Amino acid sequence: MNKKERYRYIIDYFRKEMPEAHSELEFNNPFQLLVAVILSAQCTDKRVNMVTPGLFAAFPDAEKMAQADIPEIYERIKSVSYPNNKARHLKGMAQMLTEKFKGVVPDKMEALQKLPGVGRKTANVMLAVAFDRPAMAVDTHVFRVAARIGLSENAKTPLETEKQLVAHIPKKEIARAHHWLILHGRYTCTARKPQCDRCGIRQACLFHEKNES
């Protein structure tokens, strides 16, 4: 199976099996999503979803969060990974949103990346999930799964993986494909022991092909 056929097979499978794929983070608006994505770095969505209700109740918008002291934010997020850094990032992000963007989360890559705690991956999540743009956020799951099943080749960085995926996935499917690959990596194509026996795309998977031969 060549690369074009591999992409077609995998996209067709996910279109059928995961037509409503979406983020597992819980949020009601772009600001809440941005906070949740910043908190989710090296932390599970499940843990983030346990923390955010109380956090949003206390700081429902950028202005309220900008006015908070860092220790106040820390107290509400201390069960997530790296809470000290994330508390500082949330405070700084909220301040910049309030001062430079009138409290509104921007919908451009360059503007998003100016916000404290926001790198390219987080910016791409915002573009895809909050604004329905054809953006491909590459986290550890996407990076691993793309390489393992053969959607990316010799990609050394998340940006290289992103470029290869965007080049081969139809524009209208890019945002949804981000969720397909994350969910597949989270529940089936797991890091230590991929569940090949119950994988619906094993016929198109380079890893499976190599291990069968």
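1. Basis. Residues are numbered from 1 along each chain as its sequence is written. In this predicted model, local features need pLDDT of at least 70 and side-chain atom pairs pLDDT 80 or more, while totals for chains, interfaces and linings use all residues; side-chain values use heavy atoms, without hydrogens and water.

2. The whole structure contains zero disulfides (a disulfide being a pair of cysteine sulfur atoms within 2.5 Å). The cysteine sulfur closest to that of C189 belongs to C205, and at 6.2 Å it is too far for a bond.

3. Cysteine burial. C189 has a relative accessible area of 6% and is buried, and C205, at 7%, is likewise buried (buried means under 20% relative accessible area, with a 1.4 Å probe and protein chains only).

4. Largest pocket. Its volume is about 480 Å³, taken as the space filled by probe spheres set on grid points joined across faces, edges and corners. A pocket is an open set of points on a 1 Å grid over the protein atoms alone, where a 1.4 Å probe fits, with protein on both sides within 12 Å along at least five of seven lines; lining residues have an atom within 4 Å of a point.

5. Lining. Of the 24 lining residues, S40, D45, K121, D139 and R186 lie nearest the centre of the largest pocket. Helix 11 (174–187) is among the helices that each supply at least two lining residues, and its five residues form the largest share (helices are DSSP runs of H or I, at least four residues, numbered from the N terminus).

Conventions
Buried < 20%, exposed > 50% of the residue type's maximum accessible area, 1.4 Å probe, protein only.
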